[in-house]
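Have a look, then read on.

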Amino acid sequence: MFQNCIPDNFMSILYSLEEKPLDMWDVKAEKGHGERVHDNDLKSLTIEIVGNHLCTTYITCPSDPQNTLGIQFLFLFLSIKNLKKPFTFEILVLDDTGTRRRFSYNDNLPDTQIEECMGTRRLILKGGWNIIKLDLADMTRTAFGTTYVETLRVQIHSNLRVRRVYFCDRLYADHELPK
């Protein structure tokens with residue numbers, strides 16, 4: 001399923017410069033769009049997800065709701081641009097109890113909220129491009145007291161631009177990252 005496995009320690013699920021960057025993703029865009037656009041800051045192509053309603057404009061991977069990613073790497077990185085509009089993204093993981101846990105990040109919550117199977121956290125982006133680093137094992141342990149097993153799904157709602165979404169087995173220094 002993953003054509004763009006960088007060496008064995010990295011797995012990219014979206015890279016805006018690929019020939020078909022949304023090939024593994026389902027795009028839902030009611031009163032909005034999810035498409036490749038040129039970004040003037042990067043002077044490069046990116047994926048833009050923009051819409052009037054967060055719940056009706058998003059991209060999700062894998063595209064088939066019956067499939068799961070099954071990625072066991074502990075760290076998720078997103079390279080995203082703040083468009084100064086409401087946004088959210090979600091990660092669905094499986095823990096060692098066999099429970100599906102959802103983590104949701106957005107810019108309009110006052111505090112972190114933990115429920116039985118869902119953790120919601122406010123995420124404030126600086127202007128322009130941001131690199132979001134998520135330690136999935138630590139998030140699962142801290143929020144639910146369980147052990148992270150794998151990532152099942154990633155969903156990015158409006159209003160963001162995305163350059164890359166990838167997983168890796170550990171944190172790497174900049175000089176260790178593949179070009």
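Let's start with a polar contact of 2.6 Å, which joins the side chains of Thr97 and Asp95. Keep in mind that this is a predicted model. From there we move on to the aromatic rings and the charges over them.

**Around Thr97**
- You'll find Thr97 in the loop between β7 (88–95) and β8 (100–106).
- Its side chain also has a polar contact of 2.8 Å with the side chain of Thr99.
- Lys84 is 13 residues from Thr97 along the chain, and the C-alpha atoms of the two are 38 Å apart.

**Aromatic pairs**
- Counting ring pairs with centres within 6.5 Å, the model has four aromatic pairs.
- Phe89 and Tyr105 are stacked, because their ring centres are 5.3 Å apart and their planes meet at 15°, which is under the 30 degrees cut-off.
- Phe89 belongs to strand β7 and Tyr105 to strand β8, so this pair ties together parts 16 residues apart in sequence.
- Both Phe89 and Tyr105 are buried.
- Phe103 and Phe144 make a tilted pair, with 5.6 Å from centre to centre and 55° between the planes.
- Since Phe103 sits in strand β8 and Phe144 in helix α1 (residues 136–144), that pair ties together parts 41 residues apart in sequence.
- Phe103 counts as buried at 4% relative accessibility, and Phe144 is buried at 14%.
- Phe10, Phe77 and Tyr166 are linked into a cluster by ring pairs.

**Charges over rings**
- Arg101 lies over the face of Phe144, 4.5 Å from the ring centre.
- Arg164 lies over the face of Tyr15, at 3.7 Å from the ring centre.

Note on methods
Residues numbered from 1 in each chain as written. Predicted model: local features only at pLDDT ≥ 70, side-chain atom pairs only at ≥ 80, totals over all residues. Heavy atoms only, no water. Helix = DSSP H or I, 4+ residues; strand = E, 2+ residues; numbered from the N terminus. Polar contact = N/O pair within 3.5 Å; in protein donor to acceptor, adjacent residues only side chain to side chain. Phe/Tyr/Trp six-rings, centres within 6.5 Å; stacked < 30°, edge-to-face > 60°. Buried < 20%, exposed > 50% of the residue type's maximum accessible area, 1.4 Å probe, protein only. Lys NZ or Arg CZ within 6 Å of the ring centre and 35° of its normal.
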